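Student: I'm about to look at a structure I have never seen before. Could you walk me through it slowly, starting with the words I'll need?

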Amino acid sequence: MDRARIVHDNFLSRTAAGDLPPGRDPSGPLDPDTAKLIFRAQCLSRALDAQARVMQKAGQGYYTIGSSGHEGMAAVAAALRPTDMAFLHYRDAAFQIARALQTGHEDIATDMALSFACSTEDPISGGRHKVLGSKALNIPPQTSTIASHLPKSVGTAYSLGLARRHAPEHEQLPRDSIVMASFGDASANHASAQAAFNTAAWTAYQNVPLPMLFVCEDNGIGISVKTPKGWIAANFAHRPGLTYMACDGLDIYDTFATAQRAAHHARTHRQPVFLHIRTVRLYGHAGADVPTTYLPKSEVEADEANDPLLHSVRLLDTSGILTPQDARTLYTDTCAEVEKTCNHAATRPRLQTAQDVMASLIPPKRECAPTNGPTPEARAAAFGPDLKAMDEPQILSRHINWALTDLMLTHPEIVCMGEDVGRKGGVYGVTQKLQNRFGPARVIDSLLDETSILGLGLGLAHNGFLPIPEIQFLAYLHNAEDQLRGEAATLPFFSNGQYTNPMVLRIAGLGYQKGFGGHFHNDNSIAVLRDIPGLILACPSTGADAAMMLRECVRLAREEQRLVVFLEPIALYPMRDLTEAGDNAWLTPYPDPSETIPLGQVGQHGDGTDLAIVTFGNGHHLSRQAQAKLDADGIKTRVIDLRWLSPLPGPALLDAVKGCKRILIVDETRHSGGVAEGLMALFTEHTDIPHSRLTATDSFIATGPAYAATMPSAESILATARSLCRG
């Protein structure tokens with residue numbers, strides 16, 4: 001017999017017989033009305049779990065990882081405020097239901113049934129996934145099964161202290177909130193989770209406010225792999241910076257009292273708490289999972305005998321709140337109501353087309369207060385002597401620094417963060433003086449962990465800040481790219497645009513560094529960034545372009561709530577010359593703060609029709625060197641700078657190559673998975689112009705004299721262009 005049916009029948013027979021599991025008597029501050037609300041939430045959660053399996057068998061539902069055994073989380077919800085943002089473990093239906101009942105939202109069963117059915121009427125995802133989440137209940141949707149939501153929960157908790165110092169325009173959370181994030185004992189071992197715990201403890205160790213409540217739901221197993229007994233307590237009971245508390249999730253009185261104490265500690269001391277809750281897992285991992293294939297039947301039955309609902313019946317009976325018969329009736333009535341609710345949900349409309357599915361990839365625009373930018377006095381105070389230097393052409397890195405300064409003066413909600421960005425001013429000096437200009441609260445020196453840097457950015461965005469995190473080198477992003485793909489980009493998608501992660505991520509990257517590098521500091525792999533739906537990838541090549549594009553990136557994040565990556569070519573940071581040493585031809589004047597380059601607008605140098613060289617970043621600089629020699633050969637060229645690498649600026653590119661006889665794509669990223677692949681497809685599908693590509697090889701980058709051997713050079717561009725044009 002199906003284990004779900006066995007658990008159901010056990011509940012009915014044991015409550016009828018008064019055969020309830022032993023345990024402590026109820027004690028603590030849980031009042032009768034709240035206790036009854038918690039039990040009702042537990043019954044609803046259990047009934048929804050069972051019905052989800054029925055729906056799946058009938059082809060009407062599509063996700064059956066349930067919450068049975070974890071219903072004690074309803075008591076945690078009751079101990080918190082509905083305004084406390086909650087990032088939930090995927091087994092926490094009881095938490096969401098209890099919070100809904102707390103706030104008078106009686107249609108929560110309907111909401112969740114619509115999610116099971118993947119109906120377009122699902123109020124959180126619009127039919128895109130079965131997720132826990134609700135804008136009204138302050139629960140961002142989570143699809144993670146590996147606790148990758150923990151880093152951004154830490155960032156959100158950090159934002160609460162930051163907002164007390166200067167509130168952002170779009171502040172979302174009350175200043176006395178805490179942030180709760182829950183996860184399973186197996187997920188506590190994941191690198192993303194460990195990064196979050198370490199960052200929280202590292203922050204608290206320095207007495208920086210971080211009102212964070214971690215909730216570990218310990219059922220002793222991850223799918224089929226057991227968690228060693230005592231492992232969670234041994235890891236977290238004595239960790240510096242974390243206050244450890246534990247309770248029995250089978251006992252709603254103990255759980256409520258401990259969770260209330262934990263929340264009070266986090267709220268009043270503004271420090272993180274680790275709440276370790278004992279749970280059991282009923283039914284196995286998911287619908288298709290049969291636990292007796294990898295666990296002794298005796299262990300499965302022991303957990304079933306410890307059904308949290310049976311413990312709640314005993315406690316409510318001892319408290320004089322509900323008799324076992326009354327509890328049984330409440331349970332059976334709930335099951336009958338949920339069956340009707342789910343049957344109705346199965347008839348509701350579902351997504352049909354690709355356009356329907358993709359409608360929430362791009363978040364909605366939001367209203368922002370207008371601004372005229374900083375006053376001349378504010379600029380003079382911030383820039384000091386740099387104002388006079390603006391009269392002279394400058395290198396790319398200085399343009400970025402000045403653009404960041406102007407943007408931070410204009411938008412007080414901007415916060416920069418990353419390793420070495422503050423006191424040191426960045427590895428290449430790009431952020432120098434920013435911390436002196438704006439203080440350590442807005443230019444944050446983070447710990448050395450890319451996952452935590454991105455998590456901080458994502459969390460700040462949850463509370464209305466506009467984060468500009470920095471990843472020191474492109475190669476380091478690969479340690480943490482799931483924070484972009486699995487968390488940031490999916491948030492508007494799975495919330496139907498109700499939650500967003502507006503952010504501008506600065507990354508120093510690409511190749512051609514002569515005296516420093518190797519594959520950790522020279523990296524030309526950007527395929528992962530171009531593969532993330534909804535992400536905008538920008539790459540400037542000149543100083544003026546960098547300033548104007550960065551302004552547009554901030555506008556896109558601030559007003560259109562977009563996730564933007566600003567890729568800065570390291571080798572071009574100090575570049576001064578173009579064709580000859582000392583010509584200073586790559587220096588550009590700092591553009592007026594009002595000037596921008598809109599998304600999708602390409603750059604063009606020259607108007608020759610013999611050849612269009614389409615390129616970006618370092619390739620732009622090299623192609624311009626080749627262009628001078630090609631013109632001397634009588635080959636008239638135009639160099640088109642992409643600027644925007646994802647989405648590719650298709651219409652602008654097609655317009656820019658009109659009238660040209662040939663196209664050469666110069667791509668410093670790799671032959672496989674590089675930008676040129678998309679460009680070749682674009683020109684093949686939309687033009688009759690012969691086109692070819694010159695790319696980097698599929699290789700890592702070496703240190704020393706061979707630093708550029710795997711990538712295009714001015715000489716190889718020149719040779720390839722001549723060969724194309726001379727047939």
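Tutor: Let us begin with contact, which means heavy atoms within 4.5 Å. This is a predicted model, in which local features need pLDDT of at least 70 and side-chain atom pairs count only at pLDDT 80 or more, while totals for chains, interfaces and linings use all residues. Residues are numbered from 1 along each chain as its sequence is written, and side-chain values use heavy atoms, with hydrogens and water left out.

Student: Okay, so what does Thr410 touch?

Tutor: Leaving aside residues up to four places away in sequence, Thr410 touches Thr371, Gly373 and Pro374. Thr410 itself is found in helix H16, residues 396–410, where helices (H or I, at least four residues) and strands (E, at least two) are DSSP runs, numbered from the N terminus.

Student: Is Thr410 buried or exposed?

Tutor: Thr410 counts as buried at 17% relative accessibility, since buried means under 20% relative accessible area, exposed over 50% and partly exposed in between, using a 1.4 Å probe and protein chains only. A polar atom of the Thr410 side chain also lies 2.8 Å from the backbone oxygen of Asp406; a polar contact is a pair of N or O atoms within 3.5 Å, where within protein one must be able to donate a hydrogen and the other to accept it, and residues adjacent in sequence count only if both atoms are side-chain atoms.

Student: Switching topic: how many helices and strands are in the chain?

Tutor: The chain has 27 helices and 21 strands, and buried residues make up 60% of its 727 residues. Its C-alpha trace spans about 100 × 55 × 45 Å along the principal axes.

Student: What about helix H2, how many residues does it have?

Tutor: Helix H2, residues 32–57, has 26 residues and reaches 38 Å from its first C-alpha to its last, close to the 38 Å expected at 1.5 Å a residue; that expected span is 1.5 Å times one less than the number of residues. At the start of H2, a side-chain oxygen of Asp31 comes to within 3.2 Å of the backbone nitrogen of Asp33, and H2 is followed by Gly59, whose phi is positive, near 75°.

Student: And where is Gly66?

Tutor: Gly66 is found in the loop between H2 and helix H3 (73–79), and at 11% relative accessibility it counts as buried. Gly66 touches Asp49 and Arg91, not counting residues up to four places away in sequence. Gly66 and Arg281 are 215 residues apart in sequence, yet 9.2 Å apart in space, C-alpha to C-alpha.

Student: Now the rings: how many aromatic pairs are there?

Tutor: Rings of Phe, Tyr and Trp (its six-membered ring) pair if their centres lie within 6.5 Å, with planes under 30 degrees apart counted as stacked, over 60 as edge-to-face and the rest as tilted. By this rule the count comes to 14 aromatic pairs.

Student: Why is the pair of Tyr244 and Phe274 called stacked?

Tutor: Their ring centres are 6.2 Å apart and their planes are at 15°, so the pair of Tyr244 and Phe274 is stacked. Tyr244 lies in strand S8 (residues 243–248) and Phe274 in strand S9 (residues 273–278), so this pair ties together parts that are 30 residues apart in sequence. Tyr244 is partly exposed, with a relative accessible area of 22%, whereas Phe274 counts as buried at 0%.
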